[in-house]
Amino acid sequence: MEKTEDQIKQHIDSFPVLPVTVARLLKVTGDPESSARDVMETILPDQSLCLTVLKIANSVLFGRPKKVDSLALAVTVLGFNEVERIALTKAIVNSFSKLAENHKQCIDKHWTHSFVCAMCAKVIARDLRISPDTAFMGGLLHDIGKLVMLETFNDDYQVDNWMINFSSEEILDNELEMFSFTHDQIGGQLLQQWFFPDDLVTAVAHHHQPTKAGEGECLALIIQLSDILSFYCCNQEYLDDNDIVSAVQDSLPDLQARWHKVGLFLELGAIEGWYNWLADNFEQGRKLKDAFTI
């Protein structure tokens, strides 16, 4: 146990700080005197980031009727905060670029699921009048601990078992038995290292056990539901003849009661509606993923 704890701590401690472009952008967006031109000039040297910003501005999440074909318009359409989040997401994805080279198919599936989950969390949060942008980041990063564990325990962290499968209670128990901790706990530690807000850190760290998330419980519940909806959306063959509502109830039988306890009223029809929206926009989720990973 001590060996694995030391390994994971050393690995998390070794993660790089934010790239120079991101650090500069955070300074610019944090200055109330900054203009759209200031933001544009800050990210202009990073052509990969510029391309990502343009792709996101044209994604389904922003629903522009006309094509956004210039960086200046993209910054105006998205706003400072969204451009900041895009740069941060790009930096996080790039942090695992070497891992993607060695496990291309697996990591591609991981990020597809993560971006689809992020889209789902954003839509659910928006409908519940909870911060959709925070929910998007929570959905995107909910399984980032799996990447850390795969990098740290490359020979022992089984791709087919822990990386690709839905994290059922049984799989989480196996993960805990093997490593003395689970991927959600490790994800929370990494986000804390990167100075993410406390509610986001706790929501990611406890998205499989939302009641332990404290002030992040509502967000953790949204991520938990988004996780399972995005899993079935990415792996529709696992539904068999079941409808999505039955599949969710089988996996999370007390979900409605947990939501009700924190003042969130979850209708079964809403679950079906969110899933149908996700299925209709799945390809947009893949394009969103490609914008950050290509």
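## Salt bridges in a predicted model

The side chains of Arg-37 and Glu-41 come together in a salt bridge, with 3.8 Å from N to O. Because the two residues are four places apart in helix α3 (residues 36–43), about one helical turn separates Glu-41 from Arg-37. An α-helix has 3.6 residues a turn, so residues three or four places apart point the same way. Arg-37 counts as exposed at 54% relative accessibility, while Glu-41 is partly exposed, with a relative accessible area of 45%. This pair belongs to a predicted model, and the structure holds 10 salt bridges.

A second salt bridge joins Asp-108 to Lys-289, where the closest N and O atoms are 2.5 Å apart. This pair links distant parts of the chain, since Asp-108 sits in helix α8 and Lys-289 in helix α19, 181 residues apart. Asp-108 is partly exposed, with a relative accessible area of 26%, whereas Lys-289 is buried, with a relative accessible area of 2%.

## Lys-122 and its partners

Lys-122 forms a salt bridge with Asp-133, and the closest N and O atoms of this pair are 3.7 Å apart. Here too the pair links distant parts of the chain, with Lys-122 in helix α8 and Asp-133 in helix α9, 11 residues apart. Lys-122 is buried, with a relative accessible area of 14%, and Asp-133 is partly exposed, with a relative accessible area of 23%.

Both residues also belong to a network of salt bridges that links Glu-82, Arg-85, Lys-122 and Asp-133.

The buried residues of α19 are Phe-282, Gly-285, Leu-288, Lys-289, Ala-291 and Phe-292, so the list includes the lysine that forms a salt bridge with Asp-108 and is buried at a relative accessible area of 2%.

The buried residues of α19 pack against α4 (47–57), α6 (80–94), α8 (104–127), α9 (132–141), α15 (217–234) and α18. One of these helices, α8, is the helix in which Asp-108 lies.

## Aromatic pairs

There are nine aromatic pairs in the model. In one of them, the ring centres of Phe-231 and Tyr-238 are 5.5 Å apart and the planes stand at 35 degrees, so this pair is tilted. Phe-231 counts as buried at 9% relative accessibility, whereas Tyr-238 is partly exposed, with a relative accessible area of 45%. Trp-259 and Trp-274 form another tilted pair, at 6.5 Å centre to centre and with 35 degrees between the planes. This pair links distant parts of the chain, with Trp-259 in helix α17 (residues 255–261) and Trp-274 in helix α18 (residues 268–280), 15 residues apart.

Both Trp-259 and Trp-274 are buried. Elsewhere, ring pairs link Phe-153, Tyr-157, Phe-179 and Phe-181 into a cluster.

The largest nonpolar core has 97 residues, of which Phe-96, Phe-196, Leu-225, Leu-229 and Trp-259 touch the most other members. Helix α8 gives the most to this core, with 12 residues. Leaving aside residues up to four places away in sequence, Phe-96 touches Phe-15, Trp-111, Ile-144, Leu-147, Val-148, Glu-151 and Leu-190.

Helix α10 (residues 144–152) is largely enclosed by the rest of the structure, because eight of its nine residues are buried. Those buried residues are Ile-144, Gly-145, Lys-146, Leu-147, Val-148, Met-149, Leu-150 and Thr-152, and among the residues that Phe-96 touches are Ile-144, Leu-147 and Val-148.

## Positive phi in two loops

Most residues other than glycine have a negative phi. Arg-129, although not a glycine, has a positive phi near 60 degrees; it is placed in the loop between α8 and α9, and it is exposed, with a relative accessible area of 81%.

Phe-195 likewise is not a glycine and has a positive phi of about 60 degrees. Phe-195 lies in the loop between α13 (183–193) and α14 (198–205), and at 76% relative accessibility it counts as exposed.

Definitions and conventions: Residues are numbered from 1 along each chain as its sequence is written. This is a predicted model: local features need pLDDT of at least 70, side-chain atom pairs count only at pLDDT 80 or more; totals for chains, interfaces and linings use all residues. Side-chain values use heavy atoms; hydrogens and water are left out. Rings of Phe, Tyr and Trp (its six-membered ring) pair if their centres lie within 6.5 Å; planes under 30 degrees apart count as stacked, over 60 as edge-to-face and the rest as tilted. Buried means under 20% relative accessible area, exposed over 50%, partly exposed in between (1.4 Å probe, protein chains only). Contact means heavy atoms within 4.5 Å. A salt bridge is a side-chain nitrogen of Lys or Arg within 4 Å of a carboxyl oxygen of Asp or Glu. A nonpolar core is a set of buried Ala, Val, Leu, Ile, Met, Phe, Trp, Tyr and Cys residues joined through side-chain atoms within 4.5 Å.
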